Amino acid sequence: MRAVGYFAPGPIAAAKSLVDVELPRPSAAGRDLLVEVRAISVNPVDCKVRASAPAPTGAAKVLGWDAAGVVVEAGPQVSLFKAGDEVFYAGSIARPGTNAQFHLVDERIVGRKPRSLGFAQAAALPLTSITAWEALFDRIDIRRPVPGVAPAVLIIGGAGGVGSIAIQLVRAMTDLTVMATASRAETMAWVKELGAHHVIDHRNSVAAGVAALGLGAPGFVFSTTHTPDHLKDIVELIAPQGRLALINGEPLELSPLMRKSVSVHWESMFTRSLMETADMIEQHALLDRVAGLVDAGKIRTTMAEHFGVINAENLKRAHALLESGKSRGKIVLEGF
């Protein structure tokens, strides 16, 4: 089968940072599905792994987590799907990735593809939807108010993949006021189009931008990007006893939040599949709920760029755009 991978980590500008390879087609066992991958999308984690993680000795490391495709084979313990089902999912970081014609994935982290979307549109959603849903509803529990605090949430990095779906989920499932940050005219317009009530320019003081709105201190902050750069503002703007969600993996000095008794919640959508937690199947249910919201017209795909077929050349362009910091929404590739 055709796939895209690398043999040594390095910068995307390197000649062999990503290469087209031929690999054996895998077979499904246990609770695994073998999925014929029709479309993928690219996430910052792809770039981080490509830049730093060694490949297996003498073999290519295949990246990619988001996928939409068709089940072609089900393991003997599978109970949720059958051959022919159209699915979408974000795979496990501990297993080979989705940048391949055929991919093995545990059925417990797979959802049924939204009926109203094509494969490319659907592939934009899984990883970011899981991240945003778990952060907002499982970690900081935005449906449980902070007493006496403005019913509002601030999403830092509103135009990115996670921010783009987070805005929509908050609007679809709560009555909270959504404040989101962006910095360029096109990303500010994108964030407003997705449903943000207010847009704040994060090139300037985010705390001052929140204060200027006159809504009061928000009880919830979801920082999706560049958290170290914004931490001082977060400390200033978040309400006492507020809740902060992070997807940041860098060291942070969080002690200034203690004075306000702010609770800090890390989110990694890979935790359930990597640790095989007892509630791993919640990601299956979560993706089915996301598909239902899409088909009901309450949220939409966050696909912003279609980079053509799945090959090394196009994936290199996608990685480069992500690393430039100038992308919005999700970059999708489709077909081999």
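Leu274 sits in helix 8, a stretch covering residues 271-275. In this predicted model, Leu274 comes out as partly exposed, because its relative accessibility is 42%.

Six strands line up in the order 11-10-9-12-13-14, giving an open sheet with parallel pairing. Strand 11 (198-201) and strand 14 (263-266) are the edge strands; each has a single partner, so one side of each has no neighbour in the sheet. Going from one strand to the next, the twist averages 20°. As a reminder, strands in a sheet pair through backbone hydrogen bonds, and they can do so in a parallel or an antiparallel way. Strand 9 (residues 150-156) and strand 12 (residues 218-223) run parallel and are joined by five bridges. Leu154, for instance, has Val221 of strand 12 as its bridge partner.

Helices pack against these strands. Helix 4 (residues 161-173) packs on the sheet and touches strand 9, strand 10 (177-182) and strand 12, with its direction at about 165° to that of strand 9. Helix 6 (residues 206-213) lies across strand 9, strand 10, strand 11 and strand 12, and runs at about 145° to strand 11. Then there is helix 7 (residues 227-237), whose buried residues are Thr227, His230, Leu231, Asp233, Ile234, Val235 and Leu237. Their cover includes strand 9, helix 6, strand 12 and strand 13 (243-246). A handy rule for reading such a list is that an α-helix has 3.6 residues a turn, so residues three or four places apart point the same way.

Away from the sheet, Arg25 is found in the loop between strand 2 (19-22) and strand 3 (32-42). With a relative accessible area of 46%, Arg25 is partly exposed. Setting aside neighbours within four places in sequence, Arg25 is in contact with Met1, Leu34, Val72, Glu73 and Phe102. Gly148, by contrast, is 123 residues along the chain from Arg25, and the C-alpha atoms of the two are separated by 57 Å.

Salt bridges are the last topic, and the count comes to 19. One of them brings together the side chains of Arg112 and Asp85, at 3.3 Å from N to O. This pair links distant parts of the chain, 27 residues apart: Arg112 belongs to strand 8 (residues 110-112), while Asp85 is in the loop between strand 5 (66-74) and strand 6 (86-90). Arg112 is partly exposed at 35% relative accessible area, whereas Asp85 is buried at 9%.

Arg115 and Asp295 also meet through their side chains, in a salt bridge of 3.9 Å from N to O. Arg115 lies in the loop between strand 8 and helix 2 (119-123), and Asp295 lies in helix 9 (residues 282-295), so this pair ties together parts that are 180 residues apart in sequence. Arg115 is exposed, with a relative accessible area of 72%, but Asp295 is partly exposed, at 27%.

Asp141 and Arg144 form a salt bridge too, with their closest N and O atoms 3.3 Å apart. Both ends are partly exposed: Asp141 has 24% relative accessibility, and Arg144 has 46%.

Technical notes
Residues are numbered from 1 along each chain as its sequence is written. This is a predicted model: local features need pLDDT of at least 70, side-chain atom pairs count only at pLDDT 80 or more; totals for chains, interfaces and linings use all residues. Side-chain values use heavy atoms; hydrogens and water are left out. Two strands pair if DSSP finds at least two bridges between them. Helices (H or I, at least four residues) and strands (E, at least two) are DSSP runs, numbered from the N terminus. Axes are lines fitted to C-alpha atoms, for helices over the stretch in contact, and angles run from 0 to 180 degrees between N-to-C directions. Contact means heavy atoms within 4.5 Å. Buried means under 20% relative accessible area, exposed over 50%, partly exposed in between (1.4 Å probe, protein chains only). A salt bridge is a side-chain nitrogen of Lys or Arg within 4 Å of a carboxyl oxygen of Asp or Glu.
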